[in-house]
Amino acid sequence: SALLYRKERVWNHKIPRYCPQCLSEDAYWRAEWELFFHDACSTHGTWLIDQCSSCGNQLSWDRDSIVRCKCGADLRAEKANSCPESVRQLSNILRIKINRTERDQPFTAPLTKTDIEQTQRIVRYLGTYMTESADKNPLKVKQVALMSRSWTITSLAAEILTSWPEAFHSSLTKIQSRSVAEDKPTFNKVFGHAY
């Protein structure tokens, strides 16, 4: 609970998300589900859910039961879809980082010495800057609390982080290959916002 107040920016307070299998096995809300970029259940390897399929609405904290939507639908009955292994691994890293001290973290570069907030910042940078379609202000992601917005960021970042540094170099090469035709390309022109 101290982390809730010390690291307030790491938490997604807007839209609840959850794993229906975990909720079925034991009806309590996991803290890691509310972390930004924790988009998958690291236990079951499935995407988290933030929308009720019965009524079509985003989940809300304003409901009568932890296992029921405002419309009355049982959240444990939702069907979760499998996620890529890299996204499951990233969610597991985020889960461990809020539950353990730095000396217990078995992580490789670039996450060896990062805390939860720094890790999320790396995920945001990689997931927004390392794409070929980065906007003018890629870090300003609107509604990042929504799974429909967050999963694209975590998918790219997870691929890069779980195959570090090869996947990072590959991403830079892809970005660089777009501007090969220019006579005198600058770092800024070649790598854009990633630079």
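**Close-up views of a predicted protein chain**

From the N terminus on, the elements of the protein chain follow the order α-α-β-β-α-α-α-α-α. The model is predicted, so local features need pLDDT of at least 70 and side-chain atom pairs count only at pLDDT 80 or more, whereas totals for chains, interfaces and linings use all residues. Residues are numbered from 1 along each chain as its sequence is written, and side-chain values use heavy atoms, with hydrogens and water left out.

**View 1. The protein chain as a whole.** The secondary structure comprises seven helices and two strands; helices (H or I, at least four residues) and strands (E, at least two) are DSSP runs, numbered from the N terminus. Of the 195 residues of the protein chain, 43% count as buried, where buried means under 20% relative accessible area, exposed over 50%, and partly exposed in between (1.4 Å probe, protein chains only). Among contacts with a separation of 6 or more, 61% are between residues 24 or more positions apart; a contact means heavy atoms within 4.5 Å. The accessible surface of the protein chain is about 11100 Å², and 48% of this surface belongs to carbon and sulfur atoms. Accessible areas come from the Shrake-Rupley method with a 1.4 Å probe, and for residues only the protein chains shown count as cover.

**View 2. Aromatic pairs around Tyr 18.** The whole structure holds eight aromatic pairs. Rings of Phe, Tyr and Trp (its six-membered ring) pair if their centres lie within 6.5 Å; planes under 30 degrees apart count as stacked, over 60 as edge-to-face and the rest as tilted. Tyr 18 and Trp 29 make a tilted pair, with 5.6 Å centre to centre and 35° between the planes. This pair links distant parts of the chain, 11 residues apart: Tyr 18 is in the loop between helix H1 (2-6) and helix H2 (20-25), and Trp 29 is in the loop between H2 and strand S1 (40-41). Tyr 18 and Trp 29 are both buried. Tyr 18 also pairs with Trp 33, edge-to-face, at 6.5 Å centre to centre and 65° between the planes. Trp 33 lies in the loop between H2 and S1 and Tyr 18 in the loop between H1 and H2, so this pair ties together parts 15 residues apart in sequence. Tyr 18 has 0% relative accessibility and therefore counts as buried; Trp 33, at 1%, also counts as buried. Ring pairs join Tyr 18, Trp 29, Trp 33 and Trp 61 in a cluster.

**View 3. Arg 30 over the ring of Tyr 28.** Arg 30 is placed over the face of Tyr 28, 3.8 Å from the ring centre. A charge sits over a ring if NZ of Lys or CZ of Arg is within 6 Å of the ring centre and within 35 degrees of the ring normal.

**View 4. The salt bridge of Asp 39 and Arg 17.** The structure has six salt bridges, each a side-chain nitrogen of Lys or Arg within 4 Å of a carboxyl oxygen of Asp or Glu. The side chains of Asp 39 and Arg 17 form one at 2.5 Å, N to O. Asp 39 lies in the loop between H2 and S1 and Arg 17 in the loop between H1 and H2, so the pair ties together parts 22 residues apart in sequence. Asp 39 is buried at a relative accessible area of 0%, and Arg 17 counts as buried at 1% relative accessibility.

**View 5. The salt bridge of Arg 88 and Glu 85.** The side chains of Arg 88 and Glu 85 meet at 2.7 Å, N to O. These residues are three residues apart in helix H3 (residues 85-99), so they are separated by about one helical turn. Arg 88 is partly exposed at 22% relative accessibility, and Glu 85 is partly exposed at 42%.

**View 6. Helix H4 and its packing.** Helix H4 (residues 116-129) has 14 residues, which should span 20 Å at 1.5 Å a residue, and its end C-alpha atoms are 20 Å apart, in agreement. The expected span is 1.5 Å times one less than the number of residues. Buried residues of H4 include Ile 116, Val 123, Leu 126 and Tyr 129. The buried residues of H4 pack against H3, helix H5 (147-162) and helix H6 (166-177). Arg 9, Glu 117 and Arg 121 are connected in a network of salt bridges.

**View 7. The surroundings of Cys 69.** Cys 69 is located in the loop between strand S2 (46-47) and H3, and counts as buried at 7% relative accessibility. Leaving aside residues up to four places away in sequence, Cys 69 touches Cys 52, Cys 55, Arg 63 and Leu 75. Cys 69 and Cys 55 are 14 residues apart along the chain, and their C-alpha atoms are separated by 8.7 Å.
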